[in-house]
Protein chains: 2
Amino acid sequence: MDKLRAIEWFVRLADLGSFTLVAEHAHTSKSMISKEISRLEQTLGVRLLHRTTRNLRLTQAGEGYLPRARQILNQLSEADNFAQQLQQTPKGRLKVNVPMALGITDLGPMFAEFMQHYPEIELDVHLSDGDIDLVEQGFDLGLRASSQALDSNYVGRPLTHFSYHICAAADYFDHHPAIIKPSDLRQHNCFEYSYFRSKNTWPIDDGVVINGTLRANSVLFMLAAIRAGHGLGMVPDFLCRDELKTGELIQVLPQAKKPQLTLYAMYPARHFVPARVLQCIEFLQQKFNH
Amino acid sequence: MDKLRAIEWFVRLADLGSFTLVAEHAHTSKSMISKEISRLEQTLGVRLLHRTTRNLRLTQAGEGYLPRARQILNQLSEADNFAQQLQQTPKGRLKVNVPMALGITDLGPMFAEFMQHYPEIELDVHLSDGDIDLVEQGFDLGLRASSQALDSNYVGRPLTHFSYHICAAADYFDHHPAIIKPSDLRQHNCFEYSYFRSKNTWPIDDGVVINGTLRANSVLFMLAAIRAGHGLGMVPDFLCRDELKTGELIQVLPQAKKPQLTLYAMYPARHFVPARVLQCIEFLQQKFNH
DNA sequence: CCTATTGTTCACAAATAGGAAACAGAAATG
DNA sequence: CATTTCTGTTTCCTATTTGTGAACAATAGG
């Protein structure tokens with residue numbers, strides 16, 4: 001039995017509450033989890049989980065074992081990080097969370113180059129936009145665009161700044177009235193981005209309540225609708241700069257006060273940060289500053 | 001790789017300073033140790049030990065990894081003890097250190113009976129008399145006869161008391177002068193026990209300096225010499241009570257002031273004491289009090 | 001009452017562990 | 001200086017263990 005792995009799985013089991021989920025998460029079969037947990041229980045001589053077919057709950061022993069197991073795993077990764085910090089060439093798995101749109105446009109090529117520089121680092125990139133817990137999901141690094149303060153559980157380093165543009169297709173205004181002042185937007189089909197904190201209010205000047213026929217959780221998807229001339233969207237500059245240059249898209253209200261977005265590289269605040277994480281951040285910083 | 005075991009071996013390696021010794025200690029081959037440590041170093045990406053053929057020393061990484069490894073192992077055994085404490089029937093390995101002579105005479109039958117009562121407990125009995133570090137050697141329980149205070153790292157529970165007798169063979173005095181007062185001993189062949197703190201001084205009244213032609217680190221061996229009529233020895237009562245009863249041995253200076261020995265059951269002071277340890281102590285207490 | 005989904009068990013294929021011996025390097029020995 | 005005698009590493013082979021997918025038993029929900 002690999003006791004450490006058994007303990008890891010036990011902790012996951014307590015968190016997720018299902019053998020099947022843990023098996024998926026650990027890329028193995030549920031029979032494996034079952035056997036390993038049973039073996040752990042056997043060596044301890046105590047049942048850690050009370051299992052009925054549809055429900056899992058910790059036994060008294062499991063209840064007490066769980067926090068200790070957590071601490072052991074934490075200290076182990078702390079020790080590993082310490083050791084790896086002293087090594088020369090960064091290697092190992094680097095699990096990164098990246099915003100969907102930015103990941104596809106700008107970060108894709110950057111990470112490709114990063115891989116070339118550090119061939120010993122095994123990249124595990126997850127594209128997603130929702131607010132997820134980096135630690136819980138086991139991310140070493142997360143890139144997040146934010147206009148507000150950061151969670152103090154993480155260390156955040158600003159990489160670059162973005163601004164928003166309100167865009168429409170060039171031919172959109174052939175059939176729609178012009179937009180002179182922010183309140184004109186209310187007469188138009190303004191798309192809503194699901195992950196905006198202020199759902200149907202665009203943060204222009206004092207805020208403009210908009211409404212439209214599209215709501216999407218992907219700016220890329222929204223961009224397609226804008227290019228098709230179906231309405232207006234508020235998109236970050238890195239997504240529309242090419243189209244604005246070619247004239248395919250037109251910016252509206254360029255002088256209006258729009259929020260500045262900062263892209264942060266965030267990593268869990270720990271005693272020893274793996275070299276590969278710091279190297280990656282530095283690499284990105286250099287790329288963005290160039 | 002069994003990472004936990006690798007860490008254990010690494011700690012042992014740092015303590016003992018030799019692959020060969022660790023291999024013996026762990027009941028495995030040195031190739032195993034070598035391979036496992038190498039694998040650990042590989043996953044960490046750092047060399048933990050700098051090895052030359054005749055000398056081992058920790059690298060900078062190893063120096064920092066060692067205390068963390070120690071802590072992890074401690075917390076793990078703490079967690080295991082916690083879990084096992086909640087279990088009903090005690091089981092698992094119980095490694096006991098027992099004084100040589102007492103182990104052979106009185107404790108042998110007691111432990112035999114103990115095994116019968118708790119068939120799930122796997123006994124690992126080490127007979128030895130020297131002062132050894134229970135924790136370092138991995139003992140769960142140590143039985144020690146002592147007349148003085150105990151190390152505060154351990155919890156000690158008194159089991160029973162012993163007294164010393166000065167004995168000689170019955171026919172010894174056919175050819176040697178009688179002994180009336182303690183100072184008469186100086187004219188006799190008095191055997192010396194290696195582990196006595198006051199080497200060649202017997203703790204009778206104010207202490208009597210003795211000399212003789214035998215020095216041994218085994219009271220049993222000494223007893224054989226006494227029975228053969230070669231001289232006198234100071235032996236604990238449990239070793240000579242049968243011979244005194246049959247008259248084979250004769251006690252000398254019975255009214256002299258001799259030290260009282262207390263037999264302690266000692267176990268490492270930890271947060272959670274395994275059930276099997278407590279059960280064993282209770283069993284022995286009962287046996288001695290009966 | 002049936003279906004869907006859970007965790008456990010089983011049997012077999014694949015991978016791994018473990019040990020003996022050969023090996024290579026360095027210190028002590030004469 | 002050659003030799004002996006330790007050290008830790010490597011190699012190779014077998015026995016053990018691991019991991020998987022399918023069948024299984026058990027339970028909650030429709």
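## Salt bridges between the chains

Between chain B and chain A there are 4 salt bridges. The model behind this count is predicted. One salt bridge pairs Lys3(A) with Asp80(B), where the closest N and O atoms are 2.5 Å apart. The interface of chain B and chain A also holds 7 residue pairs in polar contact, with both residues at pLDDT 80 or more.

## The chain B side

Three helices of chain B each supply at least two residues of the side that touches chain A: H1 (3–16), H3 (30–44) and H4 (60–85). The largest share, 15 residues, comes from H4(B). Sorted by class, this side of chain B has 14 nonpolar, 9 polar and 6 charged residues.

## Extent of the interface

Chain B contributes 29 residues to the contact, and chain A contributes 29 residues. The area buried between the two chains is about 2,400 Å². Carbon and sulfur atoms give 61% of that area. Of the area that chain B buries against chain A, 21% is supplied by Arg68(B), Ile72(B) and Gln75(B), more than by any other three residues.

## Ser218(B)

Ser218(B) counts as buried because its relative accessible area is 18%, and the cut-off for buried is under 20%.

A polar atom of the Ser218(B) side chain lies 3.1 Å from the backbone nitrogen of Phe221(B). For the backbone nitrogen of Leu220(B), the distance to a polar atom of the Ser218(B) side chain is 3.3 Å.

Conventions
Residues numbered from 1 in each chain as written. Chains lettered and ligands numbered in written order. Predicted model: local features only at pLDDT ≥ 70, side-chain atom pairs only at ≥ 80, totals over all residues. Heavy atoms only, no water. Contact = heavy atoms within 4.5 Å. Buried area = accessible area lost by both parts, 1.4 Å probe. Salt bridge = Lys/Arg side-chain N within 4 Å of Asp/Glu carboxyl O. Polar contact = N/O pair within 3.5 Å; in protein donor to acceptor, adjacent residues only side chain to side chain. Helix = DSSP H or I, 4+ residues; strand = E, 2+ residues; numbered from the N terminus. Nonpolar A, V, L, I, M, F, W, Y, C, P; charged D, E, K, R; others polar. Buried < 20%, exposed > 50% of the residue type's maximum accessible area, 1.4 Å probe, protein only.
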